[in-house]
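User: I'm new to this one and would like a walk through it. Can we take it topic by topic?

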Amino acid sequence: MKKTFPIWTLALLLLFAACEPERPAPTDTTDTTPPAVTDRIAYLLNEGSWSGNNAEISRINITQGTIDPEWFSRVNGRGLGDVAQDLVLYGSRLYCTVWNSGIVEVIDPTTGRSIKQIGFAGRGPRYIVCHEGKVYVSCYDRSVVRIDTVSLEIEATCPLSGMQPEQMCLCGENLVVCNSWEYASDGTTTLYDNSVSVVDLATFTETDKIVVGINPTRIQALDENRCVVACAGNYGVEEASAKVLDLTTQELTSLAQAATAMDLHDGTLYHYITTYDAQWNPAALFFRTDMTTLETTPIFTSVSMPYAYGISIDRTTGDIYLCNSPYTSTGDVYCYSPDGTLRWQVEAGFFCKKVVF
């Protein structure tokens, strides 16, 4: 059954939200039974609604195409928190940033039980990168924080000179961090950054800042020296774009299509761009770009998913996982084969956004 937002939450989220078009209802695939040993398991991050305190991690049996939608809260007897931002599996633990609650939740991926909540009060934890026994977290207080995976304590902070940092990637021994936007001192005017920060992991200091385009928010590493940066633009004159950045020469090469969200697998970038018409009705177009030739082709020719909210690629099978998250109700996760054939669909939580394998 679809769950809907209370009216006051909708008003806070999007005053311009359009009605969700009619679409086939998902099969009832709720599954709270332990998976078989041979079944493959994935984890779904549901961001939750702003101030709804309803973020959630679901467990998906991708072999069976079933879901335990409230896995974390069912196991722990409490919710995950308010506005979950990122989820990664590193070593024997899941790490989840819960932005508005100001925590990093550390979770046992086998049982779903919380191991520890690491406090980030007032810092606004956003995205995670893991490397050599450390977890790095970008924070809205213009910093990257380093967590030791043995002690599960914050051990260092790297200040950044850019605006609120978003997604990061690892290129060689450097973190490349998107500097996005922030409000001016009046609290209403939006200011946009146009750079990425380069952080040397050995010294844990910002060593460079490179101009890439207005409002960089997403980033994927191609190799030890190149990355793909998605710039959201200013939602007006400056349009969204996606570019390949060479860290050595600082040269930029534009892709044919921009990216609202993206994932990289086996030399191919999978991405989509969301656009809006004059009445703010959304539409999403899905592409794959060969990162050797930079040739871009559509993934689908007939799939309509206007409320796309995330794309994840299964590195084992190449399957494409799309999250569709309407503004007015819980979302759905769709699993497509590499050729674009729908395998299965399950109902998820509010603002489902990322599948972790």
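Analyst: We can go through cavities, aromatic rings, cysteines and a few backbone points.

User: Before that, what kind of model is this?

Analyst: This is a predicted model, in which local features need pLDDT of at least 70, side-chain atom pairs count only at pLDDT 80 or more, and totals for chains, interfaces and linings use all residues. Residues are numbered from 1 along each chain as its sequence is written, and side-chain values use heavy atoms, with hydrogens and water left out.

User: OK, how many cavities of 30 Å³ or more are there?

Analyst: The search of the whole structure gives one cavity of 30 Å³ or more. A cavity here is a set of points on a 1 Å grid over the protein atoms alone where a 1.4 Å probe fits but cannot get out. The largest cavity holds about 50 Å³ of space; a volume is the space filled by probe spheres set on the points, with grid points joined across faces, edges and corners.

User: Which residues line the largest cavity?

Analyst: The lining is made of Asp31, Thr33, Pro35, Ile41, Arg59, Asn61, Thr66, Ile67 and Asp68. Lining residues have an atom within 4 Å of a point. The elements giving two or more residues to this lining are β2 (56–61) and β3 (66–68), and β3 supplies the largest share, three residues. Strands are DSSP runs of E with at least two residues, helices are runs of H or I with at least four, and both are numbered from the N terminus.

User: What classes of residue are in that lining?

Analyst: Three are nonpolar, three polar and three charged. Ala, Val, Leu, Ile, Met, Phe, Trp, Tyr, Cys and Pro count as nonpolar, Asp, Glu, Lys and Arg as charged, and the others, Gly among them, as polar.

User: Switching to rings. How many aromatic pairs are there?

Analyst: The whole structure has 15 aromatic pairs. Rings of Phe, Tyr and Trp (its six-membered ring) pair if their centres lie within 6.5 Å; planes under 30 degrees apart are stacked, over 60 edge-to-face, and the rest tilted. One of the pairs is tyrosine 43 with tryptophan 71, which is tilted, at 5.3 Å centre to centre and 35 degrees between the planes.

User: Where do tyrosine 43 and tryptophan 71 lie?

Analyst: Tyrosine 43 is in strand β1 (residues 41–46) and tryptophan 71 in helix α2 (residues 71–76), so the pair ties together parts that are 28 residues apart in sequence. Tyrosine 43 is buried, at 7% relative accessible area, and tryptophan 71 is also buried, at 1%. Buried means under 20% relative accessible area, exposed over 50%, and partly exposed in between (1.4 Å probe, protein chains only).

User: And why is the pair of tryptophan 99 and tyrosine 140 edge-to-face?

Analyst: The ring centres of tryptophan 99 and tyrosine 140 are 5.7 Å apart and the planes are at 80 degrees, so the pair is edge-to-face. Tryptophan 99 is partly exposed at 22% relative accessibility, whereas tyrosine 140 is buried at 14%.

User: Now cysteines. How many disulfides?

Analyst: The count is zero, with a disulfide taken as a pair of cysteine sulfur atoms within 2.5 Å. The sulfur of cysteine 130 is 12 Å from the closest cysteine sulfur, in cysteine 96, which is too far for a bond. For cysteine 231, the nearest cysteine sulfur is that of cysteine 178, 7.3 Å away.

User: Are those last two buried or exposed?

Analyst: Cysteine 231 is buried at 1% relative accessibility, and cysteine 178 is buried at 0%. Cysteine 178 lies in strand β13 (residues 174–183).

User: Last topic, the backbone. What is phi of arginine 142?

Analyst: Phi is near 65 degrees, a positive value in a residue other than glycine. Most residues other than glycine have a negative phi. Arginine 142 sits in the loop between β9 and β10 and is partly exposed, at 30%. Tyrosine 235 also has a positive phi, of about 60 degrees; this tyrosine 235 is exposed, at 61%.

Note on methods: On a 1 Å grid over the protein atoms alone, a cavity is a set of points where a 1.4 Å probe fits but cannot get out, and a pocket is an open set with protein on both sides within 12 Å along at least five of seven lines; lining residues have an atom within 4 Å of a point.
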